[in-house]
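Please look through the sequence and the model shown below before reading on.

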Amino acid sequence: MLRLLVLAAIAGAFWTDEKLFTWPRALLATYVADDALRVVVQEGRRSDRSVSVCCNSILSATHATWASVASVYLLLHVHADHVPTEPLARTASVFLAYLSWDLTHLLTEPRFLRVPWKYVLHHLAYIGLVLVNRDTVEFNYVFPLLYVQDLSSVFLNLRRICHEFGWDDTYVSLTFVVTFFLMRVVLHGAVVVHVLANSRLLGQTVPIGVWSAYVLGVPVMYGLNLVWWSHIVRHARAR
């Protein structure tokens, strides 16, 4: 029921939107893929929890792979200090569809996460940032610089799959730690420095809402990355 309500709300608001019309269509496709994948995984007679974790991890890893490739494509097409708006809008719509799908998963199956509020906060914050910046051209190359950080999520989800099937995850876990540090600590940190260094120029070229999304939202999300990084380091030391 929640999935239908979310899909209906997004479709009603954005089905004919010139920039984000892909959002409801991509969300519908994700729901269909999720249901089909559950049928396949359930044939292995796995528990409901295992089926949910496996399907979520497979779809999340697939999205993260696509996000990394799409972000590199956008960054290679930066022209005159901005990304072309049409491919950027379509990429952002797929990102919104993934966040919406994962939110419904978190809210309907919260028992699979120890602290789901962090993920809910992350998803809602990024949905808000994308919507606020939907018509922005100035500094829009910041979006692919943030989106490419999903590369670390590929290995996070592969790690979860390894755990579910009892496979050795040593190299996958190591790759996850390295990519998380490079993407979400180093790269995101550099983006924060760049945005803050250009905050005055931003204030002269974009509305206050967009300025706040850049100057306040991007550092806040970096803070959340640092919280997660501290958990990773603590877990690594305990092993």
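## Terms and origin

Two residues are in contact when heavy atoms of theirs lie within 4.5 Å, and helices (H or I, at least four residues) and strands (E, at least two) are DSSP runs, numbered from the N terminus. This is a predicted model, in which local features need pLDDT of at least 70 and side-chain atom pairs count only at pLDDT 80 or more, while totals for chains, interfaces and linings use all residues. Residues are numbered from 1 along each chain as its sequence is written, and side-chain values use heavy atoms, with hydrogens and water left out.

## The protein as a whole

The secondary structure of the protein comes to ten helices and zero strands, and from the N terminus on the elements run α-α-α-α-α-α-α-α-α-α. Buried residues, meaning those under 20% relative accessible area (with a 1.4 Å probe, protein chains only), make up 47% of the 239 residues. Among contacts between residues at least 6 apart in sequence, 75% join residues at least 24 apart.

## Helix α8 against helix α10

Helix α8 (residues 170-197) packs on helix α10 (residues 208-238) at an angle of about 155°, with their axes 10 Å apart; here axes are lines fitted to C-alpha atoms, for helices over the stretch in contact, and angles run from 0 to 180 degrees between N-to-C directions. That angle makes α8 roughly antiparallel to α10, a word used for angles over 145 degrees.

The residues of α8 that meet α10 include F176, F180, R184 and H188, and among their partners in α10 are Y214, M221, W228 and I232. By class, this contact of α8 with α10 has 19 nonpolar, three polar and one charged residues, where Ala, Val, Leu, Ile, Met, Phe, Trp, Tyr, Cys and Pro count as nonpolar, Asp, Glu, Lys and Arg as charged, and the others, Gly among them, as polar. The crossing of α8 and α10 is left-handed, which is said when the near helix is turned anticlockwise from the far one by less than a right angle.

## Helix α7 against helix α8

The axes of helix α7 (residues 151-165) and α8 come within 8 Å and cross at roughly 155°. With that angle, α7 is roughly antiparallel to α8, and the crossing of α7 and α8 is left-handed. Residues of α7 that meet α8 include L151, F155, R159 and C162, and among those in α8 that they meet are V172, F176, F180 and R184. By class, the contact of α7 with α8 has nine nonpolar, five polar and two charged residues.

Helix α7 has 15 residues and reaches 22 Å from its first C-alpha to its last, close to the 21 Å expected at 1.5 Å a residue, the expected span being 1.5 Å times one less than the number of residues. Among the buried residues of α7 are S152, N157, I161 and E164. After α7 comes G166, whose phi is positive, near 75°.

Helix α2 (residues 22-42) has 21 residues and reaches 30 Å from its first C-alpha to its last, close to the 30 Å expected. Its buried residues include W23, Y31, D34 and R38.

Most residues other than glycine have a negative phi. The phi of F139, however, is positive, near 65°, and F139 is found in the loop between α5 (116-132) and α6 (142-147). At 10% relative accessibility, F139 counts as buried. S50, found in helix α3 (residues 48-76), counts as buried at 5% relative accessibility. The C-alpha atoms of S50 and I161 are separated by 9.4 Å, although these residues are 111 residues apart along the chain.

Methods:
Angles under 35 degrees count as roughly parallel, over 145 as roughly antiparallel, 65 to 115 as roughly perpendicular and the rest as oblique. Buried means under 20% relative accessible area, exposed over 50%, partly exposed in between (1.4 Å probe, protein chains only).
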